[in-house]
Amino acid sequence: MNGNASPILNRKREIQTEGAGVVYEGKNLTSLLLRQSETLSDEERIFLVECYTHYGGDFFEKNTSDNKIIPFAAHVLIDLECDVDFWREKHNFYVKRNQAIKDLLESIFATMSDFQCESVTLTENFAVLLATNTCIGCFSSGDVDLSADISERGKIVDWFRSFNFLSNDPPQSIREYSGQSMQFFNPDSIDGGFWINVIWKPVTRAFLVQDKYDVRLSKDRLLARTLGKSSIRILDDTSLLYFCALHISAGHYFTLTPGLRLFVDIDRLARSPRIDWDNIVKWELEDNAGIRISMMMYLVAKVFNTPIPEKVYSKALQSRRNRRFARYLLNRNTNEVQSNSSRLRRLYVELASDDKNLMTNFLIRFLRLVMSRI
Ligand SMILES: [Zn+2]
């Protein structure tokens, strides 16, 4: 963008770029730019405006583009009256695009019963956007995710074909298809092609025992709701929150790419008045999910200042081992989340997320020792 060139050089040492974002004077900028502007405190608003004035629009444009958070940041910056015309143009692009995505989903779901499908529900971030009725512009993924029962895959293939969404897999191989998800693409849809993913498992990941999650999701999918006159099916808010948290903790190891952008879903849903927090606590226990849900809630409560009841995440901080894990995932001083990844780190996250036992305690100590030396 033009104008507003910033005197970056003399303050450069104050910027620390991480995979998860930028820390400026001890605070994480990315998490602030991902917030709903009405939830920002006066202090946070002043801090952002100061930072914007100091660094200028070019810096913010590059940073938000690198972190793929343009529409969210644009929304906040419009509200803070920073280069309003520039950011409104950016934001409007996403409003139009995302409205087209919603219209597409509307027309697809309207014909669901013609193909005798019963389980298909929209899930993850676009589902959260619609369920919470938040700004349609604030979504920047290149695809949407649906959840469905694998027994319906043949019908789903026919259904999507009627909208020219075709899977990579040739039809004759679908019967043998044993993956956890299928991707459908229409090259003429939404400005140069659009992907719809259909996911058969609660989390697409090998070697994760997820039978209990599977049973719960199958049951909840059949009870999914539609919004107003819409045909789009979405899990009820509590179930959507639970499975989004599980997806981030088990599928993305809490903080790995796309990092903080995933936290947005939890923040928006947690602010819904329809969340049954007792069920969130109960389901984590019933499904032997360890601290995957509670730790996720803790991270979002701290990074986004989301009003999540403490009873929902107290389990994540209950033992010394859990508190060390929390400190590994989140630097409370800067509000930065851990964005490094390696097999060893993922194994540590996996073990630390599980319920406590002596063997894993021993392994975790060993892993931490090795990690501290590489
Ligand atoms: Zn917006």
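Visitor: At what angle do the axes of helix 5 (residues 124–131) and helix 10 (residues 260–270) cross?

Guide: Roughly 25°, with the axes coming within 10 Å. Axes here are lines fitted to C-alpha atoms, for helices over the stretch in contact, with angles from 0 to 180 degrees between N-to-C directions. Helices are DSSP runs (H or I, at least four residues; strands are E, at least two), numbered from the N terminus. Mind that this is a predicted model: local features need pLDDT of at least 70, side-chain atom pairs count only at pLDDT 80 or more, and totals for chains, interfaces and linings use all residues. Residues are numbered from 1 along each chain as its sequence is written.

Visitor: So are helix 5 and helix 10 roughly parallel or perpendicular?

Guide: Angles under 35 degrees count as roughly parallel, over 145 as roughly antiparallel, 65 to 115 as roughly perpendicular and the rest as oblique. Helix 5 and helix 10 are therefore roughly parallel.

Visitor: Which residues of helix 5 and helix 10 meet?

Guide: Contact means C-beta atoms, placed from the backbone, within 7 Å. Glu124, Asn125 and Val128 of helix 5 meet Asp265, Arg268 and Leu269 of helix 10. By class, that contact has two nonpolar, one polar and three charged residues (Ala, Val, Leu, Ile, Met, Phe, Trp, Tyr, Cys and Pro are nonpolar; Asp, Glu, Lys and Arg charged; the others, Gly among them, polar).

Visitor: And how do helix 10 and helix 12 cross?

Guide: At roughly 90°, the axes of helix 10 and helix 12 (residues 292–303) coming within 10 Å. That makes helix 10 roughly perpendicular to helix 12. Leu260, Phe263, Ile266, Asp267 and Ala270 of helix 10 touch Met296, Val300 and Val303 of helix 12. Seven of these residues are nonpolar, none polar and one charged.

Visitor: How many helices and strands does the protein chain have?

Guide: The count is 16 helices and 12 strands.

Terms used: Two residues are in contact if their C-beta atoms, placed from the backbone, lie within 7 Å.
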